[in-house]
Amino acid sequence: MRIDVLTIFPDYLAPLDLSLVGKARRSGLLDLAVHDLRDWTADRHRTVDDTPFGGGAGMVMRPDVWGEALDAVLADDDAGQPAVLLVPGPGGEVLTQRTAEELAGARRLVIACGRYEGIDARVAEHYATRPGVEVREISIGDYVLNGGEVAALVVIEAVARLLPGVVGNPESLVEESHGAAGLLEYPVYTKPPEWRGHAVPEVLTSGHHGKVARWRRDRALERTAARRPDLLARLAPDALDPADRRVLADLGWYVAPEGPRRAVVRPAEPADTAALAALAAATFPLACPPSLGADAVAAFVATHLDEASFARYLTDPQRLLHVAADEVTGALLGYTMVVLDSPRPGLEEGAGSAELSKCYVRPDVHGSGLARRLLAACTAAAGARGAETIWLGTNVANRRARRFYERSGFTVVGRRTFDVGGVPNDDVVLSTPITVG
Ligand code: JD8
């Protein structure tokens, strides 16, 4: 790659003789030239600026000097390669790793470093019409600098390290922040294993590569959720495996079809009535065996899961309803309903026995840990109301649900017949003790 930098402060770019970029220049991987803009002035004062048309403070860099300089630099190219003309400015598109990756694919970059109040706007307009030249006004961040040189240093380092052969071990490019994974990097450690009373996390000296990789992924997810939730929200759902989703769930996130989003789990309120009934009507049929006719299901929904029923449930002191909702849109994602002091099938005594009557999550967010969070919330609430055990019935054919409850500590304690719209259904009954605190 060839990079040309035009500036009135060539020494500002001296750091590019150092470190990896310096090595890349000396090894020929990068052809970098720094030019003094004043070399293209025509007056003995080598003037590059003048007063702004329309008045105002400061000076503006002259288009004629820039024109002479850019024409010369752009023409100095045997192969006539297309060039990207970068014009740093606080109003440009903000540089990201994606931009750096794009620019690393170019054959040639020319960077026009402005000073004063900036470069006459006609320069960018003019070269945008020049064949083989793509003009991009870039910014390195939402703060104001005095010129474009610092931005040139940033761009050149961010691009050069992506060029083949510049970074010794290309592997290290993979796992870094803003890299392909789209996550911030995990914390790193080296010798000594103990420093000023701070120990290195044990897993890192365990030699167990799988556990190390998982630990690092979890830390990267945690850091990104805490520091750059905007980056997390951009992740593609299929980039997140079940372990990732469990970590995100513990951090208060669920994985929506459009990507990770924050979800709140809270007690249901009267304002949720209509949305609750709609969610219940949409999810209950999914837990019913195909053998159960649609009429029976519809009859059950109409009599037990309609708005009037939920309005009643929400004012019944013996019922605890919790919902999971998208933190931004408020859309309901899942819900639970617990009936306090409800005797387990086959037992008389109901005191201290809570029934998990309903636990449903929208199918498009299954596997995102929301059911686990809802179960934890409603179980804790039942425990706080004195319940010592919680039981539920689920259709014998619903293996997914049974697996979920058994993974959550429930054990099979019996069977029951559950009437849906007048049709008896075989349920397996599971129960688990409630441990408060
Ligand atoms: C180029 C002149 C100074 C800017 C009057 C202060 C980039 N992220 C960034 N912040 N600032 C710049 C930047 C500032 C520049 C020039 C880049 C040329 N200035 C001007 C407008 C207000 N002075 C930048 N990339």
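This is a predicted model: local features need pLDDT of at least 70, side-chain atom pairs count only at pLDDT 80 or more; totals for chains, interfaces and linings use all residues.
Residues are numbered from 1 along each chain as its sequence is written, and side-chain values use heavy atoms, leaving out hydrogens and water.

Let's start with the layout. The chain divides into domain 1 (2-168), domain 2 (194-256) and domain 3 (262-433), with bounds from an automatic or database domain assignment. Taken over C-alpha atoms, the centres of domain 1 and domain 2 are 38 Å apart.

Now, the ligand. Which residues come nearest to the ligand? They are Glu117, Ser139, Gly141, Tyr143 and Leu145, out of 18 residues around the ligand; a residue counts as near if one of its heavy atoms lies within 4 Å. By class, that shell has nine nonpolar, seven polar and two charged residues. Here Asp, Glu, Lys and Arg count as charged, Ala, Val, Leu, Ile, Met, Phe, Trp, Tyr, Cys and Pro as nonpolar, and the others, Gly among them, as polar.

As for strands (DSSP runs of E, at least two residues, numbered from the N terminus), β5 (83-94) and β7 (133-139) each supply at least two shell residues. β5 gives the most, with three.

Next, polar contacts, meaning pairs of N or O atoms within 3.5 Å. A ligand nitrogen lies 2.6 Å from a polar backbone atom of Tyr143, and a ligand nitrogen is 2.9 Å from one of Leu145. The protein covers 85% of the 530 Å² of accessible area that the ligand has on its own, by the Shrake-Rupley method with a 1.4 Å probe.

Finally, two backbone details. Where is Pro192? Pro192 is in the loop between α6 (171-174) and β8 (194-195), and the peptide bond from Lys191 to Pro192 is cis, with omega near 0°. Ser19, in helix α1 (residues 19-26), where a helix is a DSSP run of H or I, at least four residues, has a positive phi of about 50° although it is not a glycine.

Terms used
A polar contact is a pair of N or O atoms within 3.5 Å; within protein, one must be able to donate a hydrogen and the other to accept it, and residues adjacent in sequence count only if both atoms are side-chain atoms.
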